Amino acid sequence: MNDNPLREGIASDRIPDPCTVVIFGASGDLTKRKLMPALYNLAVSRLLPPGFSVLGVARRPKPDEVFRAEQHEGVSQFSRRKPVEEVLWNDFAQGVGYVQGSFDDAATYVSLRERLEHLDRTRNTRGNRVFYLSTPPAEFSGIVRGLAGAGLIADRKDTSRFSRVVLEKPFGVDLHSAEALDTDLHQVLSESQLYRIDHYLGKEAVQNMLAFRFGNAIFEPLWNRAHIDHVQITVAEDIGVEGRGKFYEKAGTLRDIVQNHLIQLLALAAMEAPVAFDANAVRDEKVKVLRALRPLSREDVYRYTVRGQYHPGGVSGKAVPGYREEPDVSPTSRTETFCAFKFYVDNWRWHGVPFYIRAGKRLARRITDVSVHFKAVPHRLFADSPAEDNVLALRIQPDEGITLRFASKVPGPRNLLRPVNMEFRYGAAFGGSGPEAYERLLLDVMLGEATLFTRSDEVRTSWEHFSPILDGWREGPEPEPYAAGTWGPASAEALLTRDGRRWRRL
Ligand code: BG6
C-alpha cells in the first residue's frame, strides 16, 4: 500500500509461493501480539501469496471460529495499522484454522497432516509449509521428530515443495544444551531448513546498520582502530519482567538479551564487508567477529563484567517493586536483571578498541543505541572548550535514526566550541519507521531468505563466550543492587571510568 509519497519506490514486490504457516503454541502471547498481527499486516501490504493459510496448534480444544475470533481480537489490539480492515480480515481469516493436540502425541501430527493436505487441495498451498515453533525450547526436538514421523518434512532436495522450521529463542541455555539441540534438529533437518529467529535482526534500524556501513563510502576509512576510541552498545528497557518471573529466573539478562540480540548488534558494528549481500556471505562475516572476541579468563569475568539486580525504585514517577518481589521470583534470587561487559575484538581492524555493552530491565528509559566514539583531536587549539568525543550514534529504537555529534563554534567573539548534532530520523525521511520486525522475518522465511536469521555456528560461537561467563558468575558474588529507574549498579559506571571514559548520556 503506497499511499505515502515519501515511501515511493519502497514497496517490495517479492511474493512467496503459496504456503501454510503452522504455529505451534498458538494460544501463547506471541501469536496474538506479534505473529498474527504481522501476518495480517503482510496481507494488508499485499505481500502474501494467493491461498495463504495459517494453522494454529495447541493443547486446548477449540473450534476454528473461536481461534479466529481470538486472533481478530489480538490483531485489533496489537496491529500497527488500526482499525482492522474487516473485508480484508474476513478474506484472510478464511485461511485460518486450528488443530488441537498435545505435542508429544503422534495423533496430533496425523490430524495436522490431514488438515495440511486438505489445504493443499482446497487452497492450493502445494505442500509448502513453514512450521513456527513458538513453544518453550524443551519442546523443539519432540515437535520436529513428530513432524518427521508424520512425513511432514520434505527433503530439502525436493524442489517442488518446501518445509522450513522457525525456532524462537532461546536456543539452548548454555553451550552444551545449544549443541545438543542442534545435533537433535540436524538429524531431521538440514541447516537450510532451520530459521533461528532473533527479532532484533528484523528491525529496520538494525538492517540499516549494514546499509549505512556498506552502502556508503564515507565512514568506512574511519571505521577502525586508527580513528575509533571505543564503541558502546546499550539495550535498555524501562519495563520489569512483566509477569515472566518464572522464565526470567532461569534466563536472566545475559541469556534473554545479550547472548543473542546484543551480540548481533556488536557483530554488525564490527564485521568486515561481506562479498555479497546473501545469507552465507553476511553470516560468515558475523561469525568471524564472534570468533575474534577475546575470551574472558575467570579473573577477567570479575574484572570486565558487571551484573546487577533491580531493587524497588521509581520509573516515570511511579513506585515499582524490586525484582525479588515480582511474582514467581525467589526472595533470594541471584538472577541478573542488568549486565555490562567490556569486550575486545582481536583482529587488525579493532585491535585495542574496547566494546562496552550493557543491557537491563527497569532502567531509566527504553532505548537501544549503538555509538561509535571517535578519537580526540591530536592537538587542542580551543583550550577553553570542553573536550568532547565525536560520536556517531545509531539509534535502533525508539525514534530510529542516526546522529553525528561534532564540535561547532558558538556564535560570538570568543573561540568557544560546543557539541552539536546532525540528525537523520526515519520519521522525517520516510514518513514512518516501516514494518515490524516479525513482518519482515515471516516474509523472509516464506521466501527462503535466511540472511536475517542466526546460523548454527553463530549461536555456538556466541555460547562459547558466554557459557564460561555464566560459570564464573555462578561462583561469584550475587548481583549488585540498583534502584529501579536508574542506569544500573555503580560498577557499571566504574567499568568505564576506570578507563577514563563514561557511558553516553541517553
Ligand atoms: C525479547 C526478550 O527477546 O526482547 C524480552 O525476551 C525483551 O525480555 C524483548 O523485553 C525486547 O524486545 P524489543 O523489541 O522490545 O526491544
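**View 1. His261 lies in helix H8.** Helices are DSSP runs of H or I with at least four residues, numbered from the N terminus. The model is predicted: local features need pLDDT of at least 70, side-chain atom pairs count only at pLDDT 80 or more, and totals for chains, interfaces and linings use all residues. Residues are numbered from 1 along each chain as its sequence is written, and side-chain values use heavy atoms, with hydrogens and water left out. His261 has a relative accessible area of 2%, so it counts as buried (buried is under 20%, exposed over 50%, partly exposed in between; 1.4 Å probe, protein chains only). Leaving aside neighbours within four places in sequence, His261 contacts Lys169, Asp198, His199, Tyr200 and Asp256 (contact means heavy atoms within 4.5 Å).

**View 2. The shell around the ligand includes His261.** Also among its members are Lys169, His199, Tyr200, Lys203, Arg244, Lys361 and Gln397. By class, the shell residues are seven charged, three polar and two nonpolar. Asp, Glu, Lys and Arg count as charged; Ala, Val, Leu, Ile, Met, Phe, Trp, Tyr, Cys and Pro as nonpolar; the others, Gly among them, as polar.

View 3. For the side chain of Glu237 the distance is 2.5 Å. For that of Asp256 it is 2.6 Å. The protein buries 81% of the 390 Å² that the ligand exposes when taken alone. Areas come from the Shrake-Rupley method with a 1.4 Å probe.

**View 4. Asn280 is joined to Arg455 by a side-chain polar contact of 2.8 Å.** Such a contact is a pair of N or O atoms within 3.5 Å; within protein, one must be able to donate a hydrogen and the other to accept it, and residues adjacent in sequence count only if both atoms are side-chain atoms. Asn280 and Arg455 are 175 residues apart in sequence, yet 8.8 Å apart C-alpha to C-alpha. Asn280 is in helix H9 (residues 279–292). Its relative accessible area is 44%, so Asn280 is partly exposed.

**View 5. Tyr426 lies in helix H11 (residues 426–430).** Tyr426 is buried, at a relative accessible area of 6%. Glu400 is 26 residues from Tyr426 in sequence and 5.8 Å away in space, C-alpha to C-alpha.

Definitions and conventions: Near = heavy atom within 4 Å. Helix = DSSP H or I, 4+ residues; strand = E, 2+ residues; numbered from the N terminus.
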